Amino acid sequence: MLQIVVAVLFWIPSATQERPGIRVSDLEQKINTLVNSERQSRNVKALVFDEHLSQIARAHSQDMVNRDFFSHVNPDGKAPRDRIRLAGYNCPRTVGEDIFQNNLYSRVTISGNRKSYDWNSLDRIADSTVAGWMRSSGHRQNILQRAYSRTAVGVAVSGDGRVYITQLFCG
């Protein structure tokens with residue numbers, strides 16, 4: 001009996017084993033820049049980036065990584081306004097929050113016991129995050145809300161490459 005074994009290998013030029021060195025602070029700033037571009041293209045004033053508010057956003061993203069959930073309300077029942085208040089931040093009129101879960105890679109190829117990743121660039125992660133928010137009416141409403149004057153972006157990356165992004169808005 002003749003047995004024929006065919007093996008197909010896919011060569012992906014951008015696939016590598018090494019995880020990219022994406023700086024969280026650079027990704028946060030890029031997302032903030034893209035959000036302000038969306039606002040300004042619609043004649044809405046740019047938001048001021050607030051570092052203290054960013055620490056609160058980062059803490060929520062890291063909490064989602066640590067406790068493996070994805071929600072505006074954490075497992076303790078704390079919503080955005082609660083987390084902001086507990087951190088001692090003053091947001092007198094209105095609070096908004098957008099969250100997004102992205103990934104460091106767009107594809108993984110497995111050949112035997114070897115994995116190759118098609119890593120996303122910082123720009124691709126930022127672009128796809130903001131594009132995703134702009135396709136969602138509630139998220140787009142937050143981004144374009146004229147009542148907001150300050151914003152913050154907080155990013156955390158899980159061990160398996162999931163990128164959790166929280167953007168807070170304050171007016």
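This is a predicted model: local features need pLDDT of at least 70, side-chain atom pairs count only at pLDDT 80 or more; totals for chains, interfaces and linings use all residues.
Local features here need pLDDT of at least 70 and side-chain atom pairs count only at pLDDT 80 or more, while totals for chains, interfaces and linings use all residues. Residues are numbered from 1 along each chain as its sequence is written, and side-chain values use heavy atoms, with hydrogens and water left out.

Let's take the chain as a whole. It has 5 helices and 7 strands, where helices (H or I, at least four residues) and strands (E, at least two) are DSSP runs numbered from the N terminus. Reading along the sequence, you get β-α-β-α-α-β-β-β-α-α-β-β. The C-alpha trace spans about 80 × 40 × 25 Å along its principal axes. Of the 171 residues, 41% are buried, meaning under 20% relative accessible area with a 1.4 Å probe, protein chains only. Among contacts (heavy atoms within 4.5 Å) with a separation of 6 or more, 70% link residues 24 or more positions apart.

Two packed helices are described by the angle between their axes and the distance between the axes. Axes here are lines fitted to C-alpha atoms, for helices over the stretch in contact, and angles run from 0 to 180 degrees between N-to-C directions.

Take α4 (residues 122–135): its axis and that of α1 come within 9 Å and cross at roughly 40°. The two helices are therefore oblique, a label for whatever is not under 35 degrees (roughly parallel), over 145 (roughly antiparallel) or 65 to 115 (roughly perpendicular). On the α1 side, the residues involved include Leu27, Ile31, Leu34 and Val35, and they meet α4 residues such as Ile125, Val130 and Trp133.

With α5 (residues 137–144), α1 (residues 24–40) packs at about 80°, axes 9 Å apart, so this pair is roughly perpendicular. Val35, Glu38 and Arg39 of α1 touch Asn142, Ile143 and Leu144 of α5.

Note on methods
Buried means under 20% relative accessible area, exposed over 50%, partly exposed in between (1.4 Å probe, protein chains only).
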